[in-house]
Amino acid sequence: MVTRAEKKAAKKARRANESFGRKWTRRSFIGAGAVAGLAASGALVVGIAIRPGDRTDELADLVTEGAEQLVTTWVKIAPDNTVTAIIPHGEMGQGIHTALSAMLAEEMEADWDAMEIMEAPAEKEFANFELGREFFFGQSNIPNALFDTVNGLMLTAAKSMDLQITGGSTSVRFTGVGAMMTAGAAARELLLEAASKQWDVPISELRAEKSYIYHGARKAPFAEFAEVAATLKPNLRPELKKRSEYKLLGQSLPRVDIPSKVDGTAIFGIDAQVEGMKYGTVMAAPVHGQSVAKLNTSDAKSMPGVVDIFNMGDYVAVVADGYWQAKQALDYVEVEWTSAETDNVNEETIFAQYAKAIETGKKTVLHKSGNVGKAMESAASLFEAEYRVPYLAHACMEPMNATAWVRDGKCDIWAGTQNPLGTRMVTAKTLEIDPENVTVHTAFMGGGFGRRATPDYTNQAAQVAAKAGVPVKLIWSREETTQQDHYRPSVLGRFRAGLDAEGLPTSWESTFVHKMDPPEASAIFYDIPNVKAQYAESPTHVRLGPWRSVDHTQHGYFTESFIDELAVNADMDGYEFRRKLLKSKPRHLKVLDTAAKMAGWGKNLPAGQAQGISITESFMTIVAEVVTVDMSGGGPRVLHVACAADAGMAINPDGFKAQMESGIIYGLTAALYGEITIADGAVEQSNFHDYSMVRMDDAPKIDVEIISSDASIGGAGEPGTPPIAPAVANAVFKATGKRIRQLPLSRHDFGAAT
Amino acid sequence: MRSYATAEEATVVQLTVNGKAQNIEIDPETPVLWAVREQLGLNGTKFGCGASLCGACTVHIDGEPVRSCVTPLSEAEGKEVTTIEGLAAPDGTLHAVQQAWIKHQVPQCGYCQSGQIMSAVALLQENSDPSDADIDAAMAGNVCRCGMYTRIKAAIKTAAKEA
């Protein structure tokens with residue numbers, strides 16, 4: 001049976017979907033221009049902590065229709081009392097539209113069941129500068145007293161960075177806490193103040209509930225006070241609720257995007273419909289950085305349905321009446337690419353280059369405490385290990401695609417993107433037009449995982465559409481999507497520990513190549529007094545990009561494998577060894593203990609089975625995982641994952657669990673199979689037959705336990721990923737005695753089934 | 001590599017899609033996927049790999065699940081094609097599998113879910129009480145990059161119970 005709440009979610013999703021749908025027609029662009037003139041007069045206001053002051057008038061034109069009042073930049077109230085949350089993040093399945101609008105509704109006392117959701121337009125005023133602030137300030141908590149200063153500063157800084165990015169598990173942590181909740185509370189206070197004036201009663205006698213204001217038995221909808229509220233100055237620091245007062249947050253609300261995803265009506269980027277649209281597909285230089293040397297399109301051009309074929313410099317594009325026709329014709333295009341030194345790059349040369357950088361290159365120290373050199377000298381013994389991880393592709397289920405229409409000095413782009421504002425800026429630069437003349441229409445993403453933060457595919461759509469002179473839906477084949485990714489880097493890391501007589505580490509030194517984000521990924525939370533983490537740059541021509549949990553993927557694997565090796569070296573149980581090093585970290589201990597207890601750590605298992613444990617902290621969320629593997633079939637088969645996580649608080653517990661499950665499977669695919677290799681400068685893998693995924697028949701059972709603490713709210717989308725690879729590798733060691741220092745596991749031979 | 005008919009004349013292919021008779025003027029070698037998406041505007045069926053490796057494009061032809069990205073339209077001639085848009089009852093009531101998908105909050109990004117649901121419906125038509133192993137076998141062709149396998153399995157069992 002479908003419950004009432006689910007029906008409401010369905011209705012809400014339909015509305016959200018319709019609002020996306022509305023943008024897809026040609027007529028609506030004209031409409032959008034006209035709406036500007038209709039924007040409500042006196043639409044306000046509100047700076048609140050994160051959105052200083054006086055920009056709301058400008059924004060009103062962008063997001064209001066008819067007589068709707070823009071109360072804050074993150075919320076608007078329609079005359080029928082519908083509250084609309086304006087969400088500055090893209091939906092890629094992380095449930096962010098639901099979580100963020102619930103955060104706003106909670107503080108605003110808006111009626112969740114009647115609430116609507118819209119994704120913020122790609123305008124600078126909606127720039128997601130909180131993400132930028134984190135990049136600037138690391139993860140240190142900013143004292144409240146500095147908030148205004150920091151925000152003012154960061155607004156400027158982040159705007160110049162063109163940020164409206166969904167990534168870094170920041171949506172709930174920063175936009176949610178910093179923006180949506182503050183905006184909701186500020187809006188509530190404004191409405192109460194307006195009601196106090198209109199009814200001439202003290203504000204202390206008023207209360208807000210489910211989008212109404214009450215004074216004793218008297219009540220009136222929020223909408224009645226919107227106009228007066230619009231004239232008031234918002235409180236920069238409204239009072240936020242205590243967690244114990246939450247009504248919506250902490251509840252597993254049905255996700256608003258789900259109903260449309262089971263009946264086929266959800267609109268993804270690839271579903272864009274534009275009148276007169278043609279279809280394009282491309283083949284880019286297999287070795288990044290090279291370009292077309294010779295092109296013969298005569299056979300391809302005579303194929304049915306082909307409109308045109310373009311030499312785009314470093315790629316070739318076919319435009320046809322349909323995708324399949326374009327793809328067929330592309331197979332008949334004869335192209336020779338330029339050659340260069342990079343043609344000789346392969347796996348061996350890349351890792352040789354990394355080793356050289358580590359041994360002789362310039363190092364940058366990322367983390368330092370105590371005196372590692374001295375501690376190593378006085379250590380009872382030393383322990384060293386070297387680890388490797390390969391390049392990884394994102395393999396989003398929806399191949400890269402975008403639709404563009406370029407005409408009269410203007411460009412419209414339809415795409416699923418983690419970075420709409422960046423898309424707008426890059427497109428403007430490419431087409432040499434003003435960003436004001438680029439409109440980005442966002443849709444659901446069929447997977448993002450960091451890939452859709454890089455706007456190369458949207459840029460190609462704009463370039464090809466500009467040449468074609470008609471709207472073009474450009475779709476990459478799966479092969480192109482695999483071979484033209486921006487990859488999680490392959491990494492070499494060398495680790496050294498100085499040990500005391502018991503075998504416990506007193507010093508820890510890591511040296512590795514590459515550093516993206518966040519910088520704390522290579523930091524150690526264990527109680528080790530002397531630490532040095534340093535890296536060397538070692539770029540190749542292979543393009544790199546953020547991949548779910550970014551640097552935490554490799555560092556989680558390195559750190560938790562090395563700790564496990566130290567435990568074995570000390571002849572101690574891996575769980576007990578970690579406990580000894582976490583005495584001063586009660587949150588970590590609790591998470592570790594919980595996962596161990598969930599899995600029955602240490603219990604007797606059938607022959608061939610073993611358990612492995614790991615714990616990581618990323619994006620302010622601590623996650624421990626205990627896996628049970630079965631080696632009796634030869635290779636590793638992961639039977640079960642027990643996952644315990646402390647994110648301070650889970651806004652939507654079921655959504656949080658789903659994110660952990662998802663992060664685990666994503667990381668498990670990488671641990672078991674994930675490997676992009678380079679031969680003669682080019683990516684060797686192409687489709688799911690040679691870039692394998694965990695599927696139903698090799699997916700483990702997963703149990704997730706959420707631990708609530710009083711800590712700040714941490715991320716959910718990424719923190720489940722880093723612990724899984726080391727937990728599996730540690731379990732495999734226990735079962736087989738074979739230490740896995742290079743991923744994926746599929747490259748290792750474990751002999752025949754027993 | 002498969003050889004393409006380079007200058008083949010388009011012909012009219014007659015078939016039924018979600019209960020409605022359709023005449024599509026097209027090269028009959030065109031995969032069903034692109035015909036339903038581009039000719040009929042049924043966008044719920046998704047392109048994932050183009051090589052029958054991921055299951056995102058799964059539709060039913062005469063009740064059998066097929067990968068529409070590699071199935072030429074000629075193979076559907078005179079037959080009944082069902083896509084995700086055709087699963088609900090005429091009054092809009094969702095199929096038991098779709099309802100179970102909502103109950104278990106299965107989709108994340110949702111892109112693979114049309115294919116997952118079509119495979120699950122086909123499984124339950126063949127086997128009304130599938131075991132874990134039956135589900136593994138029937139669903140292994142459908143990749144979910146968001147990794148919602150635990151929920152998919154639970155939802156299939158719920159749908160089996162309530163169907």
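1. How many salt bridges does the rule find across the interface of chain B and chain A? The rule finds four, a salt bridge being a side-chain nitrogen of Lys or Arg within 4 Å of a carboxyl oxygen of Asp or Glu. In one of them R151(B) pairs with D654(A), with 3.1 Å between the closest N and O atoms.

2. This is a predicted model, in which local features need pLDDT of at least 70 and side-chain atom pairs count only at pLDDT 80 or more, while totals for chains, interfaces and linings use all residues. Residues are numbered from 1 along each chain as its sequence is written, chains are lettered from A and ligands numbered from 1 in the order in which they are written, and side-chain values use heavy atoms, with hydrogens and water left out.

3. In the interface, 57 residues of chain B are in contact with 67 residues of chain A, where contact means heavy atoms within 4.5 Å. The two chains bury about 5100 Å² between them, 59% of it on carbon and sulfur atoms; buried area is the accessible area (1.4 Å probe) that two parts lose on being put together, summed over both.

4. In chain A, five strands form an open sheet of mixed pairing, in the order β13-β21-β20-β19-β14. Strands are DSSP runs of E, at least two residues long, numbered from the N terminus, and two strands pair if DSSP finds at least two bridges between them. Because β13(A) and β14(A) stand at the edges with a single partner strand each, one side of each is left without a neighbour in the sheet.

5. β14(A) pairs with β19(A) in the antiparallel sense over nine bridges, and F383(A) has A497(A) in β19(A) as its bridge partner.

Key
Helices (H or I, at least four residues) and strands (E, at least two) are DSSP runs, numbered from the N terminus.
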